[in-house]
Amino acid sequence: MADEPRARRLFFAIWPDEPVRTAFAHATRKAVRASGGRPIPVSNLHSTLAFLGPVPAERIPLVMAAAAGLSHPPFELSFDRLEQWPKPAILCAICSRPPPAAAELASVLWKLLARQGFAPDLKPYRPHMTLARKVAKPHAIGALHPVVWRVDGIALVESVTDPEGSQYTVLESWPLHA
């Protein structure tokens, strides 16, 4: 029916500021180019915390209420390795030693979302940033000049797919605090 509100494709992410995005683009430029994949636009670089998928409009306030209840201290991530993940055919930056705070943040967020009726992702959280999709020939997999990122907030992001690829829009953000 035309009157029914559409579902919006949503996820929570750690959303970098411009200097962090620029650092990622600079540190990974050659590997992305050599991968033969489709580069992720610099403006779309992020690390997904919780993918919700299609969310009906009437449930979006529940999503926001979950995030508003989040209490977690800021922490740092150091992305220091490149990996190709064959099944999704992506090139990504990872943290070889992610701090426990990263998994704790994802876990606390999922617990808050579960209280609002959202089914949690059962896979353990692994901080990563997708750099290229449809990777054909990985290049320079391994060490990466570390990009250190102070995580001091989360964002609720909408993903809209168009012919050029996914477009991400931050709908709301929340600071991290203990």
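The largest pocket in this predicted model has a volume of about 840 Å³, where a volume is the space filled by probe spheres set on grid points that are joined across faces, edges and corners. Of the 29 residues that line this pocket, T48, F51, D121, K123 and H128 are the closest to its centre. A pocket here is an open set of points on a 1 Å grid over the protein atoms alone, with protein on both sides within 12 Å along at least five of seven lines, and lining residues have an atom within 4 Å of a point. Because the model is predicted, local features need pLDDT of at least 70 and side-chain atom pairs count only at pLDDT 80 or more, while totals for chains, interfaces and linings use all residues. Residues are numbered from 1 along each chain as its sequence is written, and side-chain values use heavy atoms, with hydrogens and water left out.

**The pocket lining**

- Strand 1 (7-14), strand 3 (47-56), helix 3 (100-115), strand 6 and strand 9 (165-175) each supply at least two residues of the lining of the largest pocket; helices (H or I, at least four residues) and strands (E, at least two) are DSSP runs, numbered from the N terminus.
- Strand 3 gives the most to this lining, with five residues.

**Helix 1**

- Helix 1 covers residues 18-34, and its 17 residues should span 24 Å at 1.5 Å a residue, which agrees with the 24 Å between its end C-alpha atoms; the expected span is 1.5 Å times one less than the number of residues.
- A kink of about 60 degrees is centred on T28 in helix 1, the bend at a residue being the angle between axes fitted to the seven residues ending there and the seven starting there.
- V20, R21, F24, T28, A31 and V32 are buried in helix 1, where buried means under 20% relative accessible area, exposed means over 50%, and partly exposed lies in between (1.4 Å probe, protein chains only).
- The cover over the buried residues of helix 1 includes strand 2 (38-39), strand 4 (75-85), strand 5 (90-94), strand 6 (128-133) and strand 7 (142-151).
- At the N-terminal end, helix 1 is capped by D17, which has a side-chain oxygen 3.1 Å from the backbone nitrogen of V20.
- After helix 1 comes G36, whose phi is positive, near 75 degrees.

**Helix 3 and its surroundings**

- The 16 residues of helix 3 should span 22 Å at 1.5 Å a residue, and the end C-alpha atoms are 23 Å apart, which agrees.
- The buried residues of helix 3 are A101, A102, L105, A106, L109, W110, L112 and L113, and they pack against strand 1, strand 3, helix 2, strand 4 and strand 8 (153-162); contact means heavy atoms within 4.5 Å.
- R115 also lies in helix 3, but this residue counts as exposed, at 68% relative accessibility.
- Although R115 and A66 are 49 residues apart in sequence, their C-alpha atoms are 7.9 Å apart in space.
- Just after helix 3, G117 takes a positive phi of about 95 degrees.

**Helix 2**

- P61 is found in helix 2 (residues 60-68) and counts as exposed because its relative accessibility is 53%.
- P61 and A7 are 54 residues apart in sequence, and 13 Å apart in space from C-alpha to C-alpha.

- N44 sits in the loop between strand 2 and strand 3, and it is buried, with a relative accessible area of 5%.
- Not counting residues up to four places away in sequence, N44 touches W15, S166, Q167 and Y168.
- S159 has its place in strand 8 and is likewise buried, with a relative accessible area of 5%.
- Leaving aside neighbours within four places in sequence, S159 is in contact with R9, F11, S166, Q167 and Y168.

- A89 is a residue other than glycine with a positive phi, near 55 degrees, and it lies in the loop between strand 4 and strand 5.
- With a relative accessible area of 19%, A89 is buried.
- K134, in the loop between strand 6 and strand 7, is a residue other than glycine whose phi is positive, near 55 degrees.
- K134 is exposed, with a relative accessible area of 61%.

How values were computed
A polar contact is a pair of N or O atoms within 3.5 Å; within protein, one must be able to donate a hydrogen and the other to accept it, and residues adjacent in sequence count only if both atoms are side-chain atoms. On a 1 Å grid over the protein atoms alone, a cavity is a set of points where a 1.4 Å probe fits but cannot get out, and a pocket is an open set with protein on both sides within 12 Å along at least five of seven lines; lining residues have an atom within 4 Å of a point.
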